[in-house]
Amino acid sequence: MDMGICRNGATKALYWTGNKSALAASNWIFDQPERDLDTPLEDELEMIRAQQAEREREEREREEMLRACRRVHTSHVHHHHHHLHLDESLDPDDLEELQDEEDVDDEDDDEDDDEDDEDEDEEDMDYKMVFVVNRSLNLTPGVMTLLVSKATAGLYRKINAQAQSVEFGPEALAMWSDLGEKTVILWADTEQHIKDLELMGRNLQLPSYMMDAREGMGKAVLGVFGEERVVNKVTGRLKVVV
């Protein structure tokens, strides 16, 4: 606060960096000049939760709309082909013209796909996988290793289960593997801290996987995957487990 940072901003910076040090907290603020520092931490968490709930609702509505569109499209295509088959008065030249139009559309789609591939090639992305351990559980090295291993497997399965078109899906996982499988293990101070980190990651649409400790012990390890600059918004200033 002596540096001119408001109390709310100082509190949030310390919280999101695991209360590691004033230097880490101030760096977190200076790295995000557009960050809202005036809103209290509790209000910010409530806003994140509300945004996540709204995003999940919109995603459900989008999926329902896509399913409805697929049903209508399938029904229309079936009816269209059935009609062409039964309509003996349809001129063969008309059929050829229809086929030519479909071929042109396919060529346009192929060109668009090629352009998209070129754009993707131009983007040089670094990916990383981060595991955040709940320090308050005082896990032994052996137990921590076991839980991180299980969290890795769970996160890996979750990413592979997503569609290829998802930004941080199987293709991103393959790129992560090709680039050396960058992995980091970090500390979170408390169970609430690790839950809030998970919430922030979900709000940024990053694949995440939470690993519980033994029954009744609470949340132990959070795994997060994605583009490095995005993941760093969630875990970039936490202390590394040595």
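On a 1 Å grid over the protein atoms alone, a pocket is taken as an open set of points where a 1.4 Å probe fits, with protein on both sides within 12 Å along at least five of seven lines, and its lining residues have an atom within 4 Å of a point. The structure is a predicted model, in which local features need pLDDT of at least 70 and side-chain atom pairs count only at pLDDT 80 or more, while totals for linings use all residues. Residues are numbered from 1 along each chain, and side-chain values use heavy atoms, without hydrogens or water.

The largest pocket has a volume of about 640 Å³, and among its 19 lining residues Glu59, Gln162, Val166, Arg202 and Gln205 are the closest to its centre. Helix H3 (residues 41-86) contributes most to this lining, with five residues.

The second largest pocket holds about 360 Å³ of space, and its lining includes Gln32, Arg35, Glu44, Met47, Asn203 and Lys233. Two or more residues of that lining come from each of H3 and helix H7 (191-203), with H3 giving the most, four residues.

Apart from neighbours within four places in sequence, Met129 is in contact (heavy atoms within 4.5 Å) with residues including Leu155, Ile159, Trp176, Lys182 and Phe225.

Notes
Points joined across faces, edges and corners; volume = space filled by probe spheres on them.
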